[in-house]
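Please find below my notes on the model.

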Amino acid sequence: MEQVIQVTTSNYSEKVNKEGKAALIFVGDILAETGQSWCSDTVEAEPTIKNYAIPQLLQKGYSVYWCWAGDKETWKEPNNPARVSEWIQIKSIPTLLLVHDNKEAIRFEEEQLFTENALKQFLEQ
């Protein structure tokens, strides 16, 4: 994942290149005790995201941003920057948001990221 830019929900907006093609992947933070995310949906989706989506997106010329949504309390906060942003309005994690020239092109959420099926239709065109 060395080609993936890691950001947080509090600083993603100033780091994301909004020109061209960008992929923003919002996930729950890792728990030190388990080495996994507190979010079970993130844990389930992570292999598909890392082993399939990211390589496909990089091959297609996307800038890929791994956006840490925070611990559970931070994510659930109604004023979390990713939730209240006029630009992205993330409602659930994990979310993969594809942006073309500062406009949302497509959004994949939760179960859509558990397997390659939903992603294939878009990424393999």
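1. In this predicted model, the largest nonpolar core has 20 residues, of which Ile-25, Leu-57, Val-64, Leu-96 and Leu-119 touch the most other members. A nonpolar core here is a set of buried Ala, Val, Leu, Ile, Met, Phe, Trp, Tyr and Cys residues joined through side-chain atoms within 4.5 Å. At least two residues of this core come from each of β2 (21-27), α2, β3 (63-68), β4 (95-100) and α5. Helix α2 gives the largest share, 6 residues. Helices (H or I, at least four residues) and strands (E, at least two) are DSSP runs, numbered from the N terminus.

2. A second, separate core holds 16 residues, including Trp-38, Cys-39, Trp-75 and Ala-82. Trp-75 also has Arg-83 over its face, at 4.1 Å from the ring centre. A charge sits over a ring if NZ of Lys or CZ of Arg is within 6 Å of the ring centre and within 35 degrees of the ring normal.

3. What is Leu-96 in contact with, leaving aside its neighbours within four places in sequence? The partners are Ala-23, Leu-24, Ile-25, Ala-53, Leu-57, Ile-106, Arg-107, Phe-108, Leu-113 and Leu-119. Contact means heavy atoms within 4.5 Å.

4. There are 2 aromatic pairs in the structure. Trp-66 and Trp-68 form an edge-to-face pair, 6.0 Å centre to centre with 70° between the planes. Phe-108 and Phe-122 are also edge-to-face, at 6.4 Å centre to centre and 65° between the planes. This pair links distant parts of the chain: Phe-108 lies in strand β5 (residues 103-109) and Phe-122 in helix α5 (residues 117-123), 14 residues apart. Rings of Phe, Tyr and Trp (its six-membered ring) pair if their centres lie within 6.5 Å; planes under 30 degrees apart count as stacked, over 60 as edge-to-face and the rest as tilted.

5. On accessibility, Trp-66 is buried at a relative accessible area of 2%, and Phe-108 is buried at 4%. Phe-122 is partly exposed, with 22%. Buried means under 20% relative accessible area, exposed over 50%, and partly exposed in between (1.4 Å probe, protein chains only).

6. The structure contains 4 salt bridges, each defined as a side-chain nitrogen of Lys or Arg within 4 Å of a carboxyl oxygen of Asp or Glu. Glu-46 and Lys-50 meet at 2.6 Å, N to O. Both residues lie in helix α2 (residues 40-59), 4 residues apart, about one turn of the helix. Glu-46 is buried, with 18% relative accessible area, whereas Lys-50 is partly exposed at 32%.

7. Lys-120 and Glu-116 form a salt bridge at 3.9 Å, N to O. Lys-120 is partly exposed at 35% relative accessibility, and Glu-116 is partly exposed at 33%. Within it, the side chains of Arg-107 and Glu-104 meet at 2.8 Å, N to O, and Glu-104 is partly exposed, with 44%.

8. Mean pLDDT (the predictor's confidence in each residue, from 0 to 100) is 85 for the protein, and 89% of its residues reach 70 or more.

9. Two remarks on conventions. Local features need pLDDT of at least 70 and side-chain atom pairs count only at pLDDT 80 or more, while totals for chains, interfaces and linings use all residues. Residues are numbered from 1 along each chain as its sequence is written, and side-chain values use heavy atoms, with hydrogens and water left out.
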